[in-house]
Amino acid sequence: MKGKSRVLHLHDVPGFLRRYFATFICAFLLACFSCALTAIVVVEGRFSTVREQANYTVILVMTASLVLSIGNMLIVRGRPWGVWVVVALLLVNLLALLVSYGPRSSNLLFLVITVLSLSGLYLLNSQRQREMRSRLVAIRKSRNKLFKAVRAAKVRARSRACR
């Protein structure tokens, strides 16, 4: 499969999922856990009352999950730049973690969050993820060609019917 990406046919879907789903979902889950834990650590260090902490934690987690979902949806739809949305989110997690480090911080929690973020970045950069993204781009291009051909056939059929 090196050098040439194949178009996915309907009978290839189980093989495609078997090959690429594990790395895709692992990168997604690592980013989810990293975002949630980073939100907790950042909000805990910045706000004093428990009520404020809960509200801001929920807002941060919801925002991060929305951005993460959009990025992964772009990847699945064959937009290769969608991976940069996920990478940016993981880098923002690492940066927020560094900024919120203090003397009262839990070193173990910081280590766990750092490992989660770096593992997610590693998985996004893996050869299998790159293969999956190139296959998804090929699928998107072939799907667009098919849609254009169907539209052109409909236009021809309409023009013949009008004669």
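In this predicted model, a nonpolar patch on the surface is formed by Leu108, Leu111, Val112 and Val115. Together these residues have about 360 Å² of accessible area.

**Surface patch**
- Val112, one of the patch residues, is found in helix H4, which covers residues 107-124.
- The relative accessibility of Val112 is 35%, so this residue counts as partly exposed; the class lies between the cut-offs of 20% and 50%.

- In soluble globular proteins, nonpolar side chains tend to be buried together.
- The largest nonpolar core here has 23 residues, and the members that touch the most others are Ile75, Val86, Leu90, Leu124, Met132 and Leu136.
- At least two residues of this core come from each of helix H1 (13-46), helix H2 (50-76), helix H3 (82-99), H4 and helix H5 (127-162).
- The most is given by H1, with seven residues.
- Leu90 is in contact with Ala31, Ser34, Ser117, Gly120, Leu121 and Leu124, leaving aside its neighbours within four places in sequence.

**Aromatic pairs**
- A pair of aromatic rings is described by the distance of the centres and the angle of the planes.
- The count comes to two aromatic pairs.
- In the pair of Tyr101 and Phe110, the ring centres are 5.2 Å apart and the planes are at 85 degrees, so the pair is edge-to-face; the cut-off for this class is over 60 degrees.
- Tyr101 counts as partly exposed because its relative accessibility is 48%, whereas Phe110 is buried, with a relative accessible area of 8%.

Conventions:
Residues are numbered from 1 along each chain as its sequence is written. This is a predicted model: local features need pLDDT of at least 70, side-chain atom pairs count only at pLDDT 80 or more; totals for chains, interfaces and linings use all residues. Side-chain values use heavy atoms; hydrogens and water are left out. Patches are made of residues with over 30% relative accessible area and no salt bridge: like charges are joined within 9 Å, nonpolar side chains (Val, Leu, Ile, Met, Phe, Trp, Tyr) within 5 Å. Accessible areas come from the Shrake-Rupley method with a 1.4 Å probe; for residues, only the protein chains shown count as cover. A salt bridge is a side-chain nitrogen of Lys or Arg within 4 Å of a carboxyl oxygen of Asp or Glu. Helices (H or I, at least four residues) and strands (E, at least two) are DSSP runs, numbered from the N terminus. Buried means under 20% relative accessible area, exposed over 50%, partly exposed in between (1.4 Å probe, protein chains only). A nonpolar core is a set of buried Ala, Val, Leu, Ile, Met, Phe, Trp, Tyr and Cys residues joined through side-chain atoms within 4.5 Å. Contact means heavy atoms within 4.5 Å. Rings of Phe, Tyr and Trp (its six-membered ring) pair if their centres lie within 6.5 Å; planes under 30 degrees apart count as stacked, over 60 as edge-to-face and the rest as tilted.
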